[in-house]
Amino acid sequence: MSGEVEHRKRVREELISKNINPYPHKPLYQPASLRSVLDSPVEGAEVAVAGRVAAVRRHGGLVFLDIVDDGLRIQASIDKSKAGDVFEFFGKYVDLGDFVNVKGVLYRTRRGELTVDVRGLQLLAKSLRAPPVKYGHRLLDPEVRYRKRYLDMMLTPDVRRVLEVKFKVLEETRRFMWGKGFVEVETPVLQPIYGGAEARPFKTHVWALNTEWYLRISLELHLKRFIIGGFNKVFEIGKVFRNEDIDAQHNPEFTMLEAYQAYADYNDMMDLTEELISHLAEKVVGRNVVEVPVGDVKERIDLSRPFKRMTMYEAFKEYAGVDVEKLGDDEIRDLLAKNAISLAGGYDRGRAIVKLFDKLVGRKYLVQPVFITDYPRSSSPLAKPHRYNPDLAERFELFIAGMEIANAYTELNDPVLQAEYFRAEEERRKRGDEEAHPFDWDFVEALEYGMPPTGGLGVGLDRVSMVLAGVSSIKEVIPFPMMK
RNA sequence: GGGCCCGUAGCUCAGCUUGGUAGAGCGGCGGGCUUUUAACCCGUAGGUCCCGGGUUCAAAUCCCGGCGGGCCCGCCA
């Protein structure tokens with residue numbers, strides 16, 4: 001309401017005209033953290049705190065206010081008979097939403113609530129707009145929530161809690177990886193050629209070179225160059241960008257952890273993944289059973305080790321009652337047709353099997369953590385063929401709550417095979433599959449210098465955060481999600 | 001891309017079926033109240049009823065077309 005803003009602007013003007021700065025540079029009374037005050041309150045002691053006025057309850061000569069600072073709340077009261085000048089100033093110049101600095105004595109009210117009996121008050125920052133809902137209540141309009149996320153965080157403690165889960169995941173992932181002896185590195189976001197995943201990229205223009213470049217869709221190919229360069233254990237946590245749809249599980253930019261380890265294979269990466277996830281459960285939420293909404297039901301998900309492991313073929317048998325290995329290509333084509341699946345770039349047995357897996361098994365059944373291993377070789381152009389079966393790749397994906405959480409390979413390090421697989425991808429692109437992997441000559445050349453046997457892992461940290469926070473939309477764990 | 005739903009005060013929503021020219025609660029502002037905590041009581045301001053067109057004496061309401069948004073399905077991590 002414009003009247004409200006006008007009113008507060010007038011208050012601001014009046015303060016300035018009275019030589020009271022509505023936006024002073026520092027608090028007058030050095031504020032203690034609310035955490036320290038609330039954790040070990042000393043009744044009768046003098047304290048100073050600062051924060052936003054989140055609620056005001058006036059009772060004639062006594063006014064109660066809630067002060068919120070850094071996600072915590074404390075009550076203060078101003079007694080006209082004890083601090084008449086403060087009382088008058090507050091009534092005249094302080095509104096809901098303003099930042100204040102108060103000094104006073106800690107006591108407990110009749111109802112037992114810890115309260116600061118205010119004796120001194122300084123306005124720290126005048127707000128011109130009152131918060132749209134009361135502190136502690138939820139903003140309901142998702143449009144407003146995500147576009148004006150500062151209001152969402154400011155007003156709803158649970159929103160802050162969920163975001164804190166995400167940030168703690170980032171922090172604890174680093175701590176875990178460092179502890180395992182991995183070096184945190186960085187790789188370019190802007191690239192002349194993209195790769196490492198199957199996705200449509202974002203394009204951009206580099207003026208200095210007058211050429212089209214891309215935003216990275218994964219971290220993989222540069223991290224492997226670190227392995228070639230002699231770093232044995234590297235990881236990166238970073239944004240990747242995929243030019244695809246926006247929905248409850250997908251945001252066009254999201255945060256991946258990728259890790260590569262020399263002299264390791266996908267079995268080692270499975271152990272590492274399992275250990276990471278349970279480390280995160282323990283450090284971030286302090287328990288290994290979490291509740292996550294999956295579809296219409298809240299699922300109790302047990303993140304304790306070890307996770308179930310099954311091959312993709314076993315999963316087909318168990319959940320879809322299909323023995324894919326024994327199916328002829330005609331039967332697979334029939335299944336594709338029956339499930340209305342079309343394959344961009346023409347029929348390929350391996351890729352068909354993966355699509356069928358997503359459709360028939362994927363999200364429905366893989367609620368408890370499970371590693372699905374041994375993907376069809378042709379669906380994984382950067383993975384090494386399986387040591388016992390050349391039709392398969394040494395690859396696994398981790399599913400939790402019906403979501404793909406992690407993806408890992410024994411990395412392909414044979415440059416001749418890599419070139420061959422890239423060539424096949426290029427053929428597929430020519431046949432119309434926009435998401436086929438581009439041929440990366442520079443990467444093949446790097447492999448030609450020799451890469452040790454390597455295990456590689458990618459983890460979607462937003463989705464991990466969703467599981468740990470128990471939320472069903474990726475928007476909840478991304479501070480400023482992309483909005484249509 | 002397909003389907004369903006929504007758009008009225010700062011917020012949450014009623015009014016629409018049955019057309020008569022705009023309402024409530026909360027919030028704001030003013031007043032009252034010295035132990036409240038979604039405080040309470042009294043008063044008051046605040047609206048392009050998403051936009052455009054049509055029907056009608058008359059449209060928030062009925063019809064058509066846009067725009068914005070949400071959810072589900074398909075695809076992608």
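A polar contact is taken here as a pair of N or O atoms within 3.5 Å. In this predicted model, RNA strand B meets that criterion at the side chain of Thr109, where an N or O atom is 3.1 Å from a base oxygen. Two further side chains reach the bases. Arg57 places an N or O atom 2.6 Å from a base oxygen of RNA strand B.

By class, the surface has 22 charged, 11 polar and 11 nonpolar residues. Several elements supply at least two residues each: the helices α1 (2–17) and α4 (142–147), and the strands β1 (46–59), β2 (62–69) and β3 (72–79). On the RNA side, sugar or phosphate accounts for 53% of the atoms within 4 Å of the protein. Bases provide the rest.

Helix α12 was examined separately. This helix covers residues 415–430. Its 16 residues should span 22 Å at 1.5 Å a residue, and the end C-alpha atoms are 22 Å apart, so the two values agree. At the start of α12, a side-chain oxygen of Asp414 comes within 2.8 Å of the backbone nitrogen of Val416. The buried residues of α12 are Pro415, Gln418, Ala419, Tyr421, Phe422, Glu425 and Arg428. An α-helix has 3.6 residues a turn, so residues three or four places apart point the same way. After α12 comes Gly432, with a positive phi near 110°.

Methods. Residues are numbered from 1 along each chain as its sequence is written. Chains are lettered from A and ligands numbered from 1 in the order in which they are written. This is a predicted model: local features need pLDDT of at least 70, side-chain atom pairs count only at pLDDT 80 or more; totals for chains, interfaces and linings use all residues. Side-chain values use heavy atoms; hydrogens and water are left out. Helices (H or I, at least four residues) and strands (E, at least two) are DSSP runs, numbered from the N terminus. The expected span of a helix is 1.5 Å times one less than its number of residues. Buried means under 20% relative accessible area, exposed over 50%, partly exposed in between (1.4 Å probe, protein chains only). A polar contact is a pair of N or O atoms within 3.5 Å; within protein, one must be able to donate a hydrogen and the other to accept it, and residues adjacent in sequence count only if both atoms are side-chain atoms. A residue is near a molecule or strand if one of its heavy atoms lies within 4 Å of it. Ala, Val, Leu, Ile, Met, Phe, Trp, Tyr, Cys and Pro count as nonpolar, Asp, Glu, Lys and Arg as charged, and the others, Gly among them, as polar.
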